[in-house]
Amino acid sequence: MRISTFFYTLKQGFRNIFRNKLFSLASIATIAACLFLFGIFYAVLANFQHIVKNAEEGVSVWVFFDEGIEDIRIQQIGDMIAKRPEVAKMDFISAQDAWESFRDEYLGEYGDGFTENPLENSANYQVYLNDVSMQSALVTYLESIDGVRMVNRSELVATTLTGINALIAYVSVGIIAILLAVSIFLISNTVAIGISVRKEEINIMKYIGATDFFVRSPFVVEGIMIGLIGAAMPLGFIYTIYNVVLSYVTDRFPQLSSLLSFVPVGEVFHVLVPVSLGLGVGIGFLGSIVTVRRHLRV
């Protein structure tokens with residue numbers, strides 16, 4: 001493409017937007033509204049997933065050993081467990097550590113009367129998972145290891161968190177698909193109206209030898225620009241709203257903020273900005289190119 005053709009295409013694309021001001025504004029407003037909802041939904045989803053991830057990191061499996069097992073075998077079992085892909089990290093808790101923790105938490109000063117360790121056979125590995133949905137496979141493996149007496153796990157918690165993750169994924173895909181479909185529909189209508197308005201001009205251009213690309217490209221540029229403008233507009237609003245809500249929750253509900261860890265605004269927008277702009281350009285390109293091929297037979 002020559003430079004003159006490139007600038008002509010951009011110029012005509014901008015002109016098309018202003019020629020159909022009402023429909024262009026409607027398309028921009030619709031995309032902005034859809035991506036605003038998408039941004040709010042993503043911010044909520046990111047925090048919800050962050051909270052669920054933190055909850056998953058607290059889910060662990062306890063591995064207890066046979067009575068009289070030697071220390072070298074306990075070390076071997078630990079090495080075997082550490083090699084498993086499901087394992088994020090693991091801690092060894094000796095029988096003495098287990099007793100001291102239990103005594104301090106539940107017995108207090110009354111625990112001083114014990115001369116022997118009642119939890120003598122309670123040494124264990126506390127194993128944390130990379131993904132809580134992998135718990136069942138890991139437990140099956142742990143129970144097959146020679147020297148392992150018992151494996152305790154939180155089956156209900158693991159099942160619940162796995163179900164929540166699946167629900168989040170399905171809801172996310174459904175909402176995003178609806179927003180994209182609405183946006184593409186609006187851009188398609190805008191471009192189709194632009195084509196009908198310039199039908200006579202397009203015919204003249206074809207008669208004097210204009211190529212298909214030369215005729216079609218301004219409408220594609222129009223769609224991309226509408227998508228880009230519509231995507232950029234809501235980002236500032238979302239940034240402001242997110243900061244205000246985060247500050248409000250932190251100030252008014254300090255107990256809640258200490259229990260729940262929220263995602264910083266920079267981390268949210270590190271993903272949201274390129275994704276929103278990419279969606280805007282993609283929606284504009286897809287909506288315009290489909291409409292041009294359908295309505296512009298050149």
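**Strand pairing, ring contacts and surface features of the model**

Strand S1 and strand S4 (residues 148-152) pair in the antiparallel sense, over 4 bridges. Pairing of two strands requires at least two bridges found by DSSP. Helices (H or I, at least four residues) and strands (E, at least two) are DSSP runs, numbered from the N terminus. The model is predicted: local features need pLDDT of at least 70, side-chain atom pairs count only at pLDDT 80 or more, and totals for chains, interfaces and linings use all residues. Residues are numbered from 1 along each chain as its sequence is written, and side-chain values use heavy atoms, with hydrogens and water left out.

Of the 6 residues of S1, 5 are buried, so the strand is largely enclosed by the rest of the structure. Buried denotes under 20% relative accessible area, exposed over 50%, and partly exposed the range in between (1.4 Å probe, protein chains only).

Aromatic pairs number 3. In the pair of Phe65 and Tyr125, the ring centres are 5.5 Å apart and the planes stand at 90°, so the geometry is edge-to-face. Phe65 belongs to strand S1 (residues 60-65) and Tyr125 to strand S3 (residues 124-129), so this pair ties together parts that are 60 residues apart in sequence. Rings of Phe, Tyr and Trp (its six-membered ring) pair if their centres lie within 6.5 Å; planes under 30 degrees apart are stacked, over 60 edge-to-face, and the rest tilted. Phe65 and Tyr125 are both buried. Together with Phe92, they form one aromatic cluster.

Charged side chains also meet rings. Arg84 lies over the face of Tyr141, at 4.1 Å from the ring centre. Lys89 takes up such a position over Tyr128, at 5.0 Å from the ring centre. The criterion places NZ of Lys or CZ of Arg within 6 Å of the ring centre and within 35 degrees of the ring normal.

Arg84 has a further contact: its side chain meets that of Glu86 in a salt bridge (2.8 Å, N to O). A salt bridge is a side-chain nitrogen of Lys or Arg within 4 Å of a carboxyl oxygen of Asp or Glu. The count by this rule is 1. Glu86 is buried at 7% relative accessible area. Arg84 is partly exposed, at 23%.

On the surface, Leu167, Val171 and Ile175 form a nonpolar patch, with about 240 Å² of accessible area together. Patches take residues with over 30% relative accessible area and no salt bridge, joining like charges within 9 Å and nonpolar side chains (Val, Leu, Ile, Met, Phe, Trp, Tyr) within 5 Å. Areas come from the Shrake-Rupley method with a 1.4 Å probe; for residues, only the protein chains shown count as cover. Val171 is located in helix H6 (residues 155-197). Its relative accessible area is 37%, so it counts as partly exposed.

Two further contacts link separated sequence positions. Glu70, in the loop between S1 and helix H3 (71-82), is exposed at 53% relative accessible area. Its C-alpha is 9.4 Å from that of Gly147, at a sequence separation of 77 residues. Pro218, in helix H8 (residues 212-252), is buried at 2% relative accessibility. Pro218 and Ser288 are 70 residues apart in sequence, with 9.8 Å between their C-alpha atoms.
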